Amino acid sequence: RPVRQRGRRYENRPSCELERFIGECFRSGDLDPEDALDLFDELLPQARQGSVYALTRLLTTVARAPVSSAVPNGPALAVSMFNRMARAGSKKVAPTTVTYTILISCCCYVGCLNLAFAALGQIIKTGLRANAISFTPILRTLCAEKRTSDAMNIVIRWTPKLGCTPDVFSYTVLLKGLCDEKKCEEAVDLIHMMAEDGDHCPPNVVSYTTVIHGFFKEDEVGKAYTLFCEMLDRGIPPDVVTCNSIIDGLCKVQAMDKAEEVLRQMFDKHIMPDCTTYNSLVHGYLSSGQLKEAVRILKQMSRHGQPPNGVTYSMLIDCLCKFGGHTEAREILNSMIQSRGNPNVATYGGLLHGLDEAMLTFNKMRQQGLMPDIISYGTMIDGLCKIGRLDAAMSQFCQMIDDGLSPDIVVFTNLIHGFSMYGKWEKAEELFYEMMDRGIRPTVVVFTTMIDKLFKEGKVTEAKTLFDLMPIASVKPNVVSYNAIIHGYFLADGRIEDVLTLFREMLSKAAKTDTVTENIIS
């Protein structure tokens, strides 16, 4: 195919030759959007009735074009191209049902549902016959706008009157729309209606899977499993996606017996479980504390040619660390690396919860070319602060910033609390104001902790200044905050007038007193 720049035209060819060239490029996938625009400009002036097929292919190419500088909005541009065809006149080039269907899809994509309906009306007005594909973009848009009842009305009432037979894809759009609106029971009724309609449009595995997934999203595990069994009873074989959805949902509620039964059915029907299948089972057993069963599934996984992936390793490592098995977790990590697995940040994350192993884990991460994320750094800093290794915590804080990560409220709160607990008030105060300078609003807990510690250090003015800063930072003092400052004033030479003023302010702002307040006042 000749290569050319945008704006240049192919040599002037007869329309039939140009149409043949467009057809060849379209079928081979060698028609890019920019060329489609140029070819449209060239063909339209000399178009004849038969040119509509080539012009429709050009519209299709532009409508599906990814965003680029030349085609910033393919669907909108395709609508403009259609309008040029319409202005050329139906005697010269009359759109087909396929042409109108592309227009309908583009109008829906750009949010002009009224124009999509108008295009559908043109199909009917011109005597063309609409098909299920013509309706699908409208159905999808209505369902996305939570207007599934309107979409149902079109399929059940309109399409039969127009001599159009909805296909299973049309019904699947409706089923998904109903499930998205949490109307899974209505979706089941629709499936039954499809089944009772004989061979006209029976539900398939996608239909059932859509509603099963909807039930799981509503935490209706029993209904999802019942529908799965109904699908089997109707002789509809499940696929791996359906089985994975069922097993995952059952494992999340720890219904492991039923999940294992579905796994057996997969083998009986020659559906090979994949890594997702086994990971759901491993997660289910680990969540219920059945480590031996999880190991059994891992062995079965390997026997059936499904090596554990990063998700599998991450779950195991996280579970072992939570139960104190840091040595075993590190052995699994080393095994993963030796088997050329690719541990990610999440894989290392579990090990970071065991501080004795944390520094080694950090070093191992960097050796593998991985940069710890904000959660990994936060876990490390929190652990170091809790055991008083404040210098090491600050070192990790600085390293995190050097790595291009911005500390969040959790990191700052852990550091401030750590330095406060060990009497390092100047550093805690410095971190507090650095957090403010970074635009991170302290929580009421951070404010209260700082105020309490400042009073205990005898820094009454600083504590009151910080308390006055709370409303400026849009943080509402709670009863604990008031208790801290009231108690602080009592410690500061019994400043009764200030205490009573604060007490009245506390009551006027509807902050309820508690027994701590009453004990302080009394």
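**Note on cysteines, a helix pair and confidence**

1. Disulfides first: the count comes to zero, taking a disulfide as a pair of cysteine sulfur atoms within 2.5 Å. Keep in mind that this is a predicted model, where local features need pLDDT of at least 70 and side-chain atom pairs count only at pLDDT 80 or more, while totals for chains, interfaces and linings use all residues. Residues are numbered from 1 along each chain as its sequence is written, and side-chain values use heavy atoms, leaving out hydrogens and water.

2. Cys179 is buried, at 7% relative accessible area (buried means under 20%, exposed over 50%, partly exposed in between, with a 1.4 Å probe and protein chains only). Cys143 counts as buried because its relative accessibility is 7%.

3. Cys179 also belongs to the contact between H9 and H10 (heavy atoms within 4.5 Å). From H9, the residues involved include Leu174, Leu175 and Leu178; Cys184, Leu190 and Ile191 are among their H10 counterparts.

4. The axes of H9 (residues 168-180) and H10 (residues 184-196) come within 8 Å and cross at roughly 160°. The two helices are therefore roughly antiparallel (angles over 145 degrees).

5. On confidence (pLDDT, from 0 to 100), the protein's mean is 82, and 83% of residues reach 70 or more. Residues 1-9 are below 50, with 20 contacts beyond near neighbours in sequence. Where pLDDT is low, the predicted coordinates should not be read in detail.

Terms used: pLDDT = per-residue confidence, 0-100. Axes fitted to C-alpha atoms, helices over the stretch in contact; angles between N-to-C directions. Helix = DSSP H or I, 4+ residues; strand = E, 2+ residues; numbered from the N terminus. Parallel < 35°, antiparallel > 145°, perpendicular 65-115°, else oblique.
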